[in-house]
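Here is my note for a colleague opening this entry for the first time. Please read the points in order.

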Amino acid sequence: MKSRIREALYIGLFDALPLLRDPMLLVVISLFSFLPVIFIFVFATAPGAAVQSLVGAIILTFAFTGLFASQSVYFNKQWFRFQDMLVASRVSPASYAVGLSVSGLVVALPGVLVALVLVLLSAPVPAIGVLVALATALLLWIGLVFVGFAIGATTKNARRANSIPQVLSIALGFLPPVYYPLSTLDRYPVAQAFAMLIPTTHAAQLAKYYFGLIDIPVWQVALGWAYLLGFT
Amino acid sequence: MEVVRVEGLGKTYPGGTKALEGVSFSIDKGQIFCLLGRNGAGKTTLLRILATQLKPTAGRAFVLGHDVLQDPKAIRPHIAVVPQEARPQMLLSPYDHILYFCMIRGQSRGAARERTRKVMDDLGLWEHRDKLASDLSGGLRQRLIIAMALVADPEVLFLDEPTIGLDPLGRRSVWHMLRELTRKGATILLTTHYLDEAEMLADDLLIVDKGRTAFHGTVEEAKGDTGVGMRVIVEHPAGNGTGPPEVLEPRSAEEILAIVERGLREKRKVTFKPASLEEAFIKIVGGSIEVEDT
């Protein structure tokens, strides 16, 4: 078991190494989901909107990390062909899959930590609240890692391997109520119903709830967990 | 000692495409075994089955005594694969590639550093250790990919068209390296489209055509079996010739001598063209080419 964890760790590090070796690119990539927060901070008038969007950005960082595993899967399989080299060795397929999944997290972690500190400075919450909020993000990440692997393993062309996750990231991240509150859609019941079909909506709602930024009924909390568990 | 044994191997893909049918052969330790064939002949399928990456649908295959279907985990620690058109990560150095592959394959950081140094020294990569892969020549990149496969000191190395796209010097450097590896006891199975490569390297040769064995034997046997012999081209005397030169296929030393004497007597230029594997290959798979053309 220890050797399998080690394999996965080194596969993850090797996959993340080009970004880790280039700090400028690392900053840009890890801040990608945090850019809308700056606009919300500057232009939003509702109290607490910026902190809510920061929590949304943390959730999306995990979501995008899972989704963009598709690129690691595709490029290691079809472009570099490291998958063939590693499968025909003592490395277990499970270590390989876990390694590629965590490589994105390694890159995203610095941004998440900075955001967490900012959220906690703005809205102090008990440690258990932080842990449960991060658990929702992790559940979402696991679900989207599977989606990412499905895309990466079935895509045969590099153009699609890049574009599909980008399009999905808009559908999952920038359109639904992740940066902004679900209540903003109260005036548009159809859009709100659609939003409830998207996993990032539930993860963001739960995280904001556990950070004490919004209050939602118990049934909605239960629905959120059920949805995320089902999705995963 | 037999390292690879294949008995009636077949592979039919889910769509019904037959990639391999009834292929049998064996490879002894320290041999370079070349798989030749046209595009889509089944070379890569065969290599992937032996490298435990693909399951056969008929027959059996054994690598180092273990069945590829029943016991792939026993095979994997002892083999390495260089896939077709594999390329390094352009934003990393050769050192990073090899060090991480050592650690991924279970070596401690210290042992990995030592192994990286040794493999890079052996393959002439040490002086390029800190360059980005994007700054390496095609030959060096290919050597790097082979070095990544060699970190585990494999007993059997599977190479799928390892010199594709390399210039003549790059190809020769890879050939030299492969010969060195077999001298140290490694067994190599390689697929190639380059017949001069097979001619230079192959201890044993398998030509597959449409998934079936078209020929199995040595390079010399391939030439002999197909009747491809040395050709002698006798040109017309200078200023006195019309039409194409005579192309003769002498069968004995006496016939060669007679042609040379005639050339000297008639002051005609005589050129010897050794038999090539390419001609034998075309004769072997030529029938199917004609069928496809009609």
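**Notes on the two chains**

1. **The interface.** Chain A and chain B bury about 2,500 Å² between them, with 67% of that on carbon and sulfur atoms. Buried area here is the accessible area (1.4 Å probe) that two parts lose on being put together, summed over both. Three residues stand out on the chain A side: Y10(A), F14(A) and M85(A) supply 24% of the area that chain A buries against chain B, more than any other three residues. In terms of contacts, 22 residues of chain A touch 31 residues of chain B. A contact means heavy atoms within 4.5 Å.

2. **What kind of model this is.** This is a predicted model, in which local features need pLDDT of at least 70 and side-chain atom pairs count only at pLDDT 80 or more, while totals for chains, interfaces and linings use all residues. Residues are numbered from 1 along each chain as its sequence is written, chains are lettered from A and ligands numbered from 1 in the order in which they are written, and side-chain values use heavy atoms, with hydrogens and water left out.

3. **A salt bridge between the chains.** Two salt bridges are found across the interface of chain A and chain B. The rule asks for a side-chain nitrogen of Lys or Arg within 4 Å of a carboxyl oxygen of Asp or Glu. D84(A) and R48(B) form a salt bridge, with their closest N and O atoms 3.1 Å apart. This pair runs from helix α6 of chain A to helix α1 (residues 43-50) of chain B. R48(B), at 23%, counts as partly exposed. The cut-offs are under 20% relative accessible area for buried and over 50% for exposed, with partly exposed in between (1.4 Å probe, protein chains only).

4. **Chain A overall.** Chain A has twelve helices and zero strands. Helices (H or I, at least four residues) and strands (E, at least two) are DSSP runs, numbered from the N terminus. The radius of gyration of chain A is 18 Å, close to the 17 Å that the globule rule gives for 232 residues, so chain A is as compact as a globular protein of that length. That radius is taken over C-alpha atoms, and the rule is 2.2 Å times the number of residues to the power 0.38. The C-alpha trace of chain A spans about 55 × 35 × 35 Å along its principal axes. Of its 232 residues, 50% count as buried. Among contacts in chain A between residues at least 6 apart in sequence, 77% join residues at least 24 apart.

5. **Helix α11 of chain A.** This helix covers residues 199-210. Its twelve residues reach 17 Å from first C-alpha to last, close to the 16 Å expected at 1.5 Å a residue. The expected span is 1.5 Å times one less than the number of residues. Ten of the twelve residues of α11(A) are buried, so the helix is largely enclosed by the rest of the structure. The buried set includes P199(A), H202(A), L206(A) and K208(A). Their cover includes α4 (49-67), α8 (127-154), α9 (158-174), α10 (189-195) and α12 (218-231) of chain A. After α11(A) comes G212(A), with a positive phi near 75 degrees.

6. **Helix α3 of chain B.** What covers this helix, residues 94-104? Eleven of its eleven residues are buried. They pack against α1 (2-20) and α6 (82-87) of chain A, together with α4 (109-122) and α5 (138-150) of chain B. Just after α3(B), G106(B) has a positive phi of about 100 degrees.

7. **Other salt bridges.** The whole structure holds 21 salt bridges over all chains. E7(B) and R5(B) form one of them, at 2.1 Å from N to O. E7(B) is partly exposed at 33% relative accessibility, and R5(B) is partly exposed at 30%. D122(B) and K118(B) form another, with the closest N and O atoms 2.8 Å apart. These two are four residues apart in helix α4 of chain B, so about one helical turn separates them. Salt bridges that share partners also join E246(B), R262(B), E266(B) and R268(B) into one network.
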